[in-house]
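Let's walk through a structure together, one question at a time. Here it comes.

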Amino acid sequence: MTSWHLEALATAAPVPYWLDRAEAPQAAARLVGAQDADLLIIGAGFTGLWAAIQALEDDPSRDVVVLEGDRVGWGATGRNGGFCEASITHGEENGRTRWPDEYPTLHRLAADSYAGLKATLDRHGIDCAFEETGVIAVAREEHEIGWLTDRPAAEAEAGDEVVWLDRDAMRAEVDSPTYLGGLWLKSGRALVDPARLALGLRRVAVELGARLYEHSAVTRLSDDGSAVLAEAALGHVRARRCVLATNAYPPLLRRIGAYVVPVYDYVLVTEPLGTAERAAIGWRNRQGLADCTNQFHYYRQTDDGRILWGGYDAVYHWRNGFGPGYEQRAATHELLARQFFETFPQLAGTVRFSHRWGGAIDTCSRFSVFFGTAHGGKTAYAAGYTGLGVGATRFGARVALDLADGRETEATRTAFVRTKPIPFPPEPLRYAGITLTRHELARADRNAGRRGLWLRALDRVGLGFDS
């Protein structure tokens, strides 16, 4: 297996598998000339598409314009692993730690939003390979077993169905010699094809009446007193209200830049496994999997029999570096390939990778979506999902709409919505701090999970980073 990981990677296409596979419709027209709207949505990823759909379900007569700088789903929406979870707080532990008094309410709001997501898929016939197979958190080191065995009571208290798997039971589910146990989180967790989900939401938004413009990047967003003005290369839109849904992209509002950094995550996808390869690893129940370490892998099967393998080496680039030049990183893809075959050595020599890519995660210091308004309340934004946005974006869009419309709800009254994350420092402290944190997280993983002085200091101020 010494160099097989390099051979297996040699012919992988440098494009996202989901976007390469999806049958995208013809591109919508570019924005040309002057347009007016009741509601302008900037960004046609999950947040923007959910905002358009919910706004038009609320009021079918509302004139909604959606501006997308590239194609629908081109950003993180079409590049992620397709893990769709009923969490708005980036998991139970993060939610309970940061909002202990509100967590029951936040858990219920998340469950309601997840149910609404499923209902929308059913109602509009969106085929996105939605599979409620659950996710297994995998222990690969002895100290991680204790982390997992402490969790079932808390998860069950929140109403989630969990099953502890010892070493033999874990390997009966998915066979890797590296596994020592696992916690199967069964409820409120699904796998999807994220590009097909985005295209399905695009179809619904347009059918409901949204006016979509693609290849229409907004270069300036301002307030002209009575409306929000969004300027693009060939035209502009004046709107009474605006939802900003650009997430990891360079922010159109300077204030967002203090709270969000783009962190690049990298992914591989294999060619379809044959009958012998599938038999060698089991995995008949098709769960999503994720390691327990700070630097963790996430992986799952696709509906055409491939394995998606990503994560571990999250990378921040100097001064919020962002753009196509960061989407391929040979060192990280080679590391991921080697780690894949260390996890599944029975696949070495037969399985190759078909796709490799990277994409930016909109990371904030609390690891979950946060909200804000600008332009005298006429513009609202949701950002900072930190890697669990497939499910949480529906909730984020709902709250952003309510904030833009000045509507008070149970969600908008929560501290979760009303408070911001701790901001990141400016450069060069930003780069130095994130780089040091990544180094210390890796050191903790090598040291049985024991966190050093730097990580403990971050924990105390509410910046308990993981990758």
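Q: With which side chain does the side chain of Arg 306 make a polar contact of 2.9 Å, given that its partner is an Asp?

A: This is a predicted model, in which local features need pLDDT of at least 70, side-chain atom pairs count only at pLDDT 80 or more, and totals for chains, interfaces and linings use all residues. Residues are numbered from 1 along each chain as its sequence is written, and side-chain values use heavy atoms, with hydrogens and water left out. A polar contact is a pair of N or O atoms within 3.5 Å; within protein, one must be able to donate a hydrogen and the other to accept it, and residues adjacent in sequence count only if both atoms are side-chain atoms. At 2.9 Å, the partner of Arg 306 is the side chain of Asp 304.

Q: Is Arg 306 buried or exposed?

A: Arg 306 sits in the loop between β14 (297-301) and β15 (307-311); strands (E, at least two residues) and helices (H or I, at least four) are DSSP runs, numbered from the N terminus. Its side chain also has a polar contact of 2.9 Å with that of Ser 354. Buried means under 20% relative accessible area, exposed over 50% and partly exposed in between (1.4 Å probe, protein chains only). Because its relative accessibility is 14%, Arg 306 counts as buried.

Q: How many disulfides does a search of the whole structure find?

A: A disulfide is a pair of cysteine sulfur atoms within 2.5 Å. Cys 364 is in no disulfide, as the nearest cysteine sulfur, that of Cys 84, is 19 Å away. Over the whole structure, the number of disulfides found is zero.

Q: Which residue is joined to Glu 427 by a cis peptide bond?

A: Most peptide bonds are trans. Here omega is about 5°, and the bond is cis.

Q: Is Thr 386 buried or exposed?

A: Thr 386 is found in the loop between β19 and α12 (389-404). Its phi is near 60°, a positive value in a residue other than glycine. With a relative accessibility of 13%, Thr 386 counts as buried.

Q: Where does Asn 320 lie?

A: Asn 320 has a phi near 55°, positive although the residue is not glycine. At 24% relative accessibility, Asn 320 counts as partly exposed. Its place is the loop between β16 (315-316) and α11 (330-343).
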